[in-house]
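Look at the structure first, then read on.

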Amino acid sequence: MKIVKAEVFVTCPGRNFVTLRITTDEGITGLGDATLNGRELPVASYLEDHLCPQLIGRDAHNIEDIWQFFYKGAYWRRGPVTMSAISAIDMALWDIKAKAAGMPLYQLLGGASRSGVMVYCHATGHTINEALEDYAKHKEMGFKAIRAQCGIPGMETSYGLSKGKGLAYEPATKGHWPEEQMWSTEKYLDFAPKLFDAIRNEFGFEEHLLHDMHHRLTPIEAARFGQAVEPYRLFWMEDPTPAENQECFRLIRQHTTTPIATGEVFNSIWDCKQLIEEQLIDYIRTTLTHAGGITGMRRIADFAGLYQVRTGSHGPSDLSPVCMAAALHFDLWVPNFGVQEYMGYSEEMLEVFPHTWTFDNGYMHPGNEPGIGIGFDEELAKKYPYDPAYLPVARLSDGTLWNW
Ligand code: CS2
Ligand code: MG
């Protein structure tokens with residue numbers, strides 16, 4: 001089955017998404033997500049200018065060889081742009097293979113290991129009370145795992161907050177310049193435990209409670225945070241510190257039993273190697289869109305399984321519904337599954353990407369259509385052209401650039 005066409009679409013039904021569509025001589029098409037928030041166009045160009053022409057004429061069934069060809073064959077290995085492009089190709093080819101086999105993708109991977117995929121949602125508020133209201137709303141919807149974030153007194157904004165009460169969370173700002181936000185670790189460390197205290201007092205321990213620190217603490221500060229929140233038994237603390245230096249997680253680990261999740265910005269198994277091998281983390285958050293598609297993620301998950309590290313894939317709505325659809329197949333199969341992030345999508349987004357997944361009482365299922373169960377409405381997508389937007393940056397009160 002030969003590849004005859006590979007097309008790239010950039011569309012913005014609320015957020016910019018990069019979509020790859022591969023077509024074969026048998027008329028089967030596959031979709032892949034190549035979205036890299038705030039850096040969409042280089043990935044689109046990497047695909048269009050370099051990889052797509054080299055796909056034409058290849059056997060669509062040779063997924064592994066095509067992955068290796070673009071990984072080793074570029075000479076320049078890894079990196080978010082390269083890996084997002086390879087990921088999209090990989091996802092689209094698995095979609096095609098599953099359609100050709102007449103099976104939902106999870107069947108090709110080895111079948112379902114569970115009846116549904118536990119997903120976690122976001123509860124957020126500018127104050128603790130607002131966060132409690134949002135938590136109650138999500139609990140009511142049936143979520144079994146809830147991430148909680150809230151505003152910190154003395155800081156105008158913080159990670160994970162919407163731009164106003166009742167508005168959907170959207171960190172990026174339109175235009176060509178990132179918003180600059182102020183960050184104070186001291187204020188955060190003093191206040192954040194109060195949020196978990198309020199949640200556990202109000203709702204008890206029934207739901208899994210998660211929290212994202214978004215890379216902002218140093219290792220010793222993260223250790224102090226982990227220790228302070230132990231009584232609230234978090235499911236995980238996410239990205240406590242930047243992870244380029246993997247061994248710095250040792251220091252956090254020595255001080256706290258609060259489980260650790262990291263990896264949403266990783267793009268290969270090498271970024272996770274030491275963290276997994278030394279059991280410095282509990283959940284690996286790599287995603288299909290950035291870490292090499294099904295082929296890359298399967299390798300990471302199997303490796304993690306040796307060390308009892310479970311998956312907890314990144315799933316914000318700046319990864320397209322194509323990624324979410326494929327992720328649900330992966331999650332339904334992967335033996336060492338932990339949880340899947342699910343922020344949800346706007347109506348406009350879901351109209352451009354019609355899907356077969358379902359949500360029931362906190363668990364999602366990818367559906368049983370052949371392939372990954374996602375479509376792309378090319379005509380509708382044209383109504384939403386690329387609209388530049390950038391993630392914010394964070395600075396300390398003296399102006400020093402920090403980790404957003
Ligand atoms: C995140 C994201 O979902 C998460 O855990 O940390 O919100 C992240 O900030 C965005 O995906 C960046 O594009
Ligand atoms: Mg995160």
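What volume does the largest cavity have? The largest cavity has a volume of about 110 Å³. A cavity is a set of points, on a 1 Å grid over the protein atoms alone, where a 1.4 Å probe fits but cannot get out. The volume is the space filled by probe spheres set on the points, which are joined across faces, edges and corners.

This is a predicted model, in which local features need pLDDT of at least 70 and side-chain atom pairs count only at pLDDT 80 or more, while totals for chains, interfaces and linings use all residues. Residues are numbered from 1 along each chain as its sequence is written, chains are lettered from A and ligands numbered from 1 in the order in which they are written, and side-chain values use heavy atoms, without hydrogens and water.

**Cavities**
- The whole structure holds two cavities of 30 Å³ or more.
- Lining residues have an atom within 4 Å of a point.
- The largest cavity has 15 of them, with Q149, C150, I152, Y188 and H211 nearest its centre.
- α6 gives the largest share of this lining, five residues.
- β5 (145–150) and β8 (208–212) are among the elements that each supply at least two. Helices (H or I, at least four residues) and strands (E, at least two) are DSSP runs, numbered from the N terminus.
- The second largest cavity contains about 50 Å³ of space.
- Its lining includes I63, W67, F70 and D90, and α2 (63–72) and α3 (80–101) each supply at least two residues.

**Largest pocket**
- A pocket is an open set with protein on both sides within 12 Å along at least five of seven lines.
- The largest pocket has a volume of about 1200 Å³. Of its 46 lining residues, H215, E264, V265, L391 and W404 are closest to the centre.
- Ligand 1 takes up space in this pocket; to sit there, more than half of its atoms must lie within 2 Å of the grid points.

**Ligand 1**
- Fourteen residues are around ligand 1, and Y159, H214, E238, E264 and E341 come nearest. Near means a heavy atom within 4 Å.
- Oxygen atoms of ligand 1 lie 2.9 Å from a polar side-chain atom of E238 and 3.4 Å from one of R147.
- An N or O atom in the R285 side chain is 3.1 Å from a ligand 1 oxygen. Polar contacts are pairs of N or O atoms within 3.5 Å.
- The protein covers 94% of the 340 Å² of accessible area that ligand 1 has on its own, by the Shrake-Rupley method with a 1.4 Å probe.

Conventions:
A polar contact is a pair of N or O atoms within 3.5 Å; within protein, one must be able to donate a hydrogen and the other to accept it, and residues adjacent in sequence count only if both atoms are side-chain atoms.
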